[in-house]
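Let us go through this model by question and answer. Each reply works toward one value or name.

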Amino acid sequence: MPKNKGKGGKNRKRGKNEADDEKRELIFKEDGQEYAQVLRMLGNGRCEAMCIDGSKRLCHIRGKMHKKVWIAAGDIILVGLRDYQDDKADVILKYMPDEARLLKAYGELPENTRLNEGIAAGIDDDDDGGVDDYLEFEDEDIDKI
């Protein structure tokens with residue numbers, strides 16, 4: 001049987017949870033950066049996000065955050081804009097829910113931005129004004145089918 005030359009098992013590869021709940025300094029956007037809200041995750045380290053300036057961009061999650069910081073639909077992120085591709089951006093930072101509320105309180109995010117929800121703001125375009133998608137059939141209609 002070969003000698004085990006590894007440095008540990010599965011738990012070592014997972015690593016420790018590096019105190020995610022500790023307070024960190026709130027980072028504001030600079031030039032070349034923009035706030036965005038994730039619309040949906042696409043896989044392969046990419047997501048689709050609606051930026052605050054009104055454009056929808058395909059965002060790439062940087063390698064430092066990949067498989068360490070989990071991003072879901074509805075999260076507020078900071079993206080770095082590309083000067084050679086306007087429809088693509090790079091995810092720099094994910095804001096925690098309390099940091100996103102602070103950004104909204106400071107006026108960095110617009111007032112119509114919905115925070116801490118599973119779905120992103122403004123993507124429920126199929127709103128029928130409260131009409132359900134439930135259809136009711138009569139017995140003779142079912143017999144004809």
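Q: Where is leucine 109 found?
A: This is a predicted model, in which local features need pLDDT of at least 70, side-chain atom pairs count only at pLDDT 80 or more, and totals for chains, interfaces and linings use all residues. Residues are numbered from 1 along each chain as its sequence is written, and side-chain values use heavy atoms, with hydrogens and water left out. Helices (H or I, at least four residues) and strands (E, at least two) are DSSP runs, numbered from the N terminus. On that basis, leucine 109 lies in the loop between helix 2 and helix 3.

Q: Is leucine 109 buried or exposed?
A: Relative accessible area decides: buried means under 20%, exposed over 50%, partly exposed in between (1.4 Å probe, protein chains only). Leucine 109 has a value of 3%. That makes leucine 109 buried.

Q: Which residues does leucine 109 touch, not counting residues up to four places away in sequence?
A: Contact means heavy atoms within 4.5 Å. The list for leucine 109 reads Tyr35, Ile52, Ile76, Ala100, Leu103, Lys104 and Leu115.

Q: In what order do the elements of the chain run from the N terminus on?
A: The chain holds 3 helices and 5 strands. Read from the N terminus, the order is α-β-β-β-β-β-α-α.

Q: How many bridges join strand 1 to strand 2?
A: Two strands pair if DSSP finds at least two bridges between them. Strand 2 covers residues 46-51 and runs antiparallel to strand 1. Methionine 41 stands opposite cysteine 47 in strand 2. The number of bridges joining strand 1 to strand 2 is 6.

Q: Which residue in the turn between strand 1 and strand 2 has a positive phi?
A: The two strands form a hairpin, with 2 residues between them. The phi in question is about 60°. It belongs to asparagine 44.

Q: Which residue in strand 4 stands opposite alanine 36?
A: Strand 1 (residues 33-43) and strand 4 (residues 76-81) run antiparallel, joined by 5 bridges. Opposite alanine 36 stands isoleucine 77.

Q: How many disulfides does the count come to?
A: A disulfide is a pair of cysteine sulfur atoms within 2.5 Å. The sulfur of cysteine 47 has its closest cysteine sulfur in cysteine 59, 4.6 Å away, so the two are too far apart for a bond. Cysteine 59 is in no disulfide. The count is 0.

Q: What is the relative accessibility of cysteine 59?
A: Its nearest cysteine sulfur is that of cysteine 47, a residue buried at 0% relative accessible area. Cysteine 59 also counts as buried, with a value of 1%.

Q: Which residues do salt bridges that share partners join into one network?
A: A salt bridge is a side-chain nitrogen of Lys or Arg within 4 Å of a carboxyl oxygen of Asp or Glu. Glutamate 48 meets arginine 40 at 2.7 Å, N to O. Glutamate 48 also meets lysine 56, at 3.7 Å. The network is Arg40, Glu48 and Lys56.

Q: How far apart are the closest N and O atoms of lysine 29 and glutamate 34?
A: Lysine 29 counts as partly exposed at 35% relative accessibility, whereas glutamate 34 counts as buried at 9%. They form a salt bridge, and the whole structure has 8. The closest N and O atoms of lysine 29 and glutamate 34 are 3.2 Å apart.

Q: Which residues form a nonpolar patch on the surface?
A: Patches are made of residues with over 30% relative accessible area and no salt bridge; like charges are joined within 9 Å, nonpolar side chains (Val, Leu, Ile, Met, Phe, Trp, Tyr) within 5 Å. Accessible areas come from the Shrake-Rupley method with a 1.4 Å probe; for residues, only the protein chains shown count as cover. One member, tyrosine 106, is exposed at 53%. With about 310 Å² of accessible area together, the patch is Phe28, Leu102 and Tyr106.
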